[in-house]
Amino acid sequence: TLKGRVYNDNNANGAYNSGVDTAMNGWTVYLDTNSNFKFDAGESSTTTDTNGTYSIASLAGADYRVGIIRNDAYVTVT
């Protein structure tokens, strides 16, 4: 299972800080299996919950490229 969190890093420290950073609810997170930096049919995806967390289950042990379909009001950094 691959898990993570999508959030607005309000204090720009590169880590999620409860009460400081804003969790991003309803954002689509996907596995970019063909490494083309866009969400394609057949790629596993999920949506973040109210805490900004996501989980994609039943994955084989491997390296995965995770993509986020961002809202145009935000700049995405990793």
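Let me start with a term: buried means under 20% relative accessible area, exposed means over 50%, and partly exposed is in between, with a 1.4 Å probe and protein chains only. By that rule, Tyr30 is buried, with a relative accessible area of 5%. We will come back to Tyr30 several times.

Now, what are we looking at? This is a predicted model, so local features need pLDDT of at least 70 and side-chain atom pairs count only at pLDDT 80 or more, while totals for chains, interfaces and linings use all residues. Residues are numbered from 1 along each chain as its sequence is written, and side-chain values use heavy atoms, with hydrogens and water left out.

First, the sheet. Helices (H or I, at least four residues) and strands (E, at least two) are DSSP runs, numbered from the N terminus. Two strands pair if DSSP finds at least two bridges between them. Here, three strands form an open sheet, in the order E5-E4-E7, with antiparallel pairing. Which strands stand at the edges? E5 and strand E7 (66–69) do. Each has a single partner strand, so one side of each is left without a neighbour in the sheet. On average, neighbouring strands of this sheet are turned by 25 degrees against each other, direction ignored. For that angle, axes are lines fitted to C-alpha atoms, for helices over the stretch in contact, and angles run from 0 to 180 degrees between N-to-C directions.

Let's go through the pairings. E4 and E7 pair in the antiparallel sense over four bridges. Val29 stands opposite Ile68 in E7. Thr28 has Ile69 in E7 as its bridge partner. On to the next pair: three bridges join E4 to E5, and these run antiparallel. Tyr30 has its bridge partner in E5, namely Ser45.

Next, the aromatic rings. Rings of Phe, Tyr and Trp (its six-membered ring) pair if their centres lie within 6.5 Å; planes under 30 degrees apart count as stacked, over 60 as edge-to-face and the rest as tilted. How many aromatic pairs does a search of the whole structure find? Two. Tyr7 and Tyr16 form an edge-to-face pair, 5.2 Å centre to centre with 70 degrees between the planes. Tyr7 is partly exposed, at 25% relative accessibility. Tyr16 is partly exposed too, with a relative accessible area of 28%. Tyr30 and Phe39 form a tilted pair, 5.2 Å centre to centre with 50 degrees between the planes. Phe39 is partly exposed, at a relative accessible area of 36%.

Arg5 lies over the face of Tyr16, at 4.1 Å from the ring centre. The rule here: NZ of Lys or CZ of Arg is within 6 Å of the ring centre and within 35 degrees of the ring normal.

Now a loop. Phe37 is found between strand E4 (28–31) and strand E5 (45–47). Is Phe37 buried or exposed? Phe37 is exposed, with a relative accessible area of 64%. Its phi is near 65 degrees, a positive value in a residue other than glycine. Most residues other than glycine have a negative phi. Ser35 is found in the loop between E4 and E5, and its phi is positive, near 55 degrees. Ser35 is partly exposed, at 38%.

What does Phe37 touch, not counting residues up to four places away in sequence? Tyr30, Asp32 and Arg65. Contact means heavy atoms within 4.5 Å.

Follow Arg65. Arg65 lies in the loop between strand E6 (53–56) and E7. At 39% relative accessibility, Arg65 counts as partly exposed. Its contacts, leaving aside neighbours within four places in sequence, are Tyr30, Leu31, Asp32, Ser35 and Phe37. Arg65 and Tyr30 are 35 residues apart in sequence, yet 8.4 Å apart in space, C-alpha to C-alpha.

Last stop, the core. A nonpolar core is a set of buried Ala, Val, Leu, Ile, Met, Phe, Trp, Tyr and Cys residues joined through side-chain atoms within 4.5 Å. The largest one has five residues: Val6, Met24, Trp27, Val29 and Tyr54. Beyond four places in sequence, Met24 has contacts including Val6, Tyr7 and Tyr74.
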